[in-house]
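Have the sequence and the 3D view open as you read.

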Protein chains: 2
Amino acid sequence: MDKFALTKLSYGMYAIGTKDAQNRFCGCIANSLMQITAEPATVALSINHDNYTNQCIKDTKEFSVCVLGEKTNPLIIGTFGFRSAKDIDKFANVNHKTAGDLPVCTDSCAYLLCKLISTTETSTHTIFIASVEDCEILSDDTPMTYAYYHNIIKGNSPKSAPTYITQS
Amino acid sequence: MDKFALTKLSYGMYAIGTKDAQNRFCGCIANSLMQITAEPATVALSINHDNYTNQCIKDTKEFSVCVLGEKTNPLIIGTFGFRSAKDIDKFANVNHKTAGDLPVCTDSCAYLLCKLISTTETSTHTIFIASVEDCEILSDDTPMTYAYYHNIIKGNSPKSAPTYITQS
């Protein structure tokens, strides 16, 4: 078994936005997101139990998905992917707007507004299944793939990522 | 709501292999597949209820995932994506081997052998959650993304795809 075979799976890069119990905007970076049905449009998203955003989505039952592009400022990934929203306001230094009542990074290709339908628990991650209530294209930038993030931007993944591989 | 925003989500292209009740190899093309946990490695896969492969995975509780590459013969996509395994032997004209007891297309970047853990039903698709029992890299070809398939190969999606959009 060569676990690096799993690095051959393709993903996009997404900034997830939601709100916490104090009604503060919060969020994180995700790559494990996919559409699961076309009509009505639904998506599945995998987020680690340890991520603050996980509990916030369970509480508010809604989240936004911003599709990061190749020209998106990589600062967003640093802020959203490697810090906890418990400690900092992740949207403070990121261009954003409010859509519905959710935060949306405007420096992205497109956004989806999602309403939670159900959750499935695994040992380390929750799979959130959600309906797409609204979605809009924001730019014609090329969506950033996880491969682009690793190979071109030379980015890393935090240990909480579904696709994290221990470097031996 | 601009449904084309959903086309900004990124995916790979995968040939799924399994067996039917007559122990015949069968399978289909999928793009909605993602890793959901790192340790142990598990994946989620969305397949339409109408796909023959759907019932076969429910019956056999196992499937293979072959990661198609940019150099993979597009004939595989035509055979696996737009025909039904009820009618034809999809592996007859495709280079393959048996791994475990599952069929694996050898003209691909890597393969995973997966064992079904659970299913979640939606209105049109089943989400299969499965453990990765084995995985190997087969070539250093670049994994084909769904965007590459659409933009470079100029491929289409069947109506049963989770990401199908009605062209108006």
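Predicted model: local features only at pLDDT ≥ 70, side-chain atom pairs only at ≥ 80, totals over all residues.

## Where the two chains meet

Let's start with the contact between the chains. On chain B, 53 residues are in contact with 53 residues of chain A. The size of an interface is often given as the accessible area lost when the parts come together. Here the area buried between chain B and chain A is about 4,200 Å², and carbon and sulfur atoms give 65% of that area.

Across the interface of chain B and chain A, 18 residue pairs are in polar contact, with both partners at pLDDT 80 or more. Which elements of chain B give two or more residues to the side that touches chain A? They are strand 3 (33-37), strand 4 (42-48), strand 8 (110-121) and strand 9 (125-137) of chain B. Strand 9 of chain B gives the most, with nine residues. Sort the residues on this side of chain B by type and you get 31 nonpolar, 14 polar and eight charged.

## Salt bridges between the chains

How many salt bridges are there between chain B and chain A? The count is two. One salt bridge to look up joins the side chains of A:Lys3 and B:Glu39, at 2.8 Å from N to O.

## Salt bridges within a chain

Over all chains, the whole structure has eight salt bridges. In chain B, B:Lys19 pairs with B:Asp101, and their closest N and O atoms are 3.0 Å apart. This pair links distant parts of the chain, 82 residues apart: B:Lys19 is in strand 1 of chain B, while B:Asp101 is in the loop between strand 6 (96-99) and strand 7 (102-105) of chain B. Is B:Lys19 buried or exposed? B:Lys19 counts as buried because its relative accessible area is 11%, under the 20% cut-off.

Another pair in chain B is B:Glu121 and B:Lys58, with the closest N and O atoms 3.1 Å apart. Here too distant parts of the chain are linked: B:Glu121 is in strand 8 of chain B and B:Lys58 is in helix 1 (residues 52-60) of chain B, 63 residues apart. B:Glu121 is partly exposed, with a relative accessible area of 43%, and B:Lys58 is partly exposed at 23%.

Over in chain A, the side chains of A:Arg24 and A:Asp20 meet in a salt bridge of 3.1 Å, N to O. A:Arg24 is partly exposed, with a relative accessible area of 32%, whereas A:Asp20 is buried, at 4%.

## A closer look at B:Asp20

Now find B:Asp20, in the loop between strand 1 (14-19) and strand 2 (25-30) of chain B. B:Asp20 is buried, with a relative accessible area of 4%.

What is B:Asp20 in contact with, leaving aside its neighbours within four places in sequence? The residues are B:Cys26, B:Tyr52 and B:Cys56. With B:Tyr52 there is also a polar contact of 2.8 Å between the side chains.

Definitions and conventions
Residues numbered from 1 in each chain as written. Chains lettered and ligands numbered in written order. Heavy atoms only, no water. Contact = heavy atoms within 4.5 Å. Buried area = accessible area lost by both parts, 1.4 Å probe. Salt bridge = Lys/Arg side-chain N within 4 Å of Asp/Glu carboxyl O. Polar contact = N/O pair within 3.5 Å; in protein donor to acceptor, adjacent residues only side chain to side chain. Helix = DSSP H or I, 4+ residues; strand = E, 2+ residues; numbered from the N terminus. Nonpolar A, V, L, I, M, F, W, Y, C, P; charged D, E, K, R; others polar. Buried < 20%, exposed > 50% of the residue type's maximum accessible area, 1.4 Å probe, protein only.
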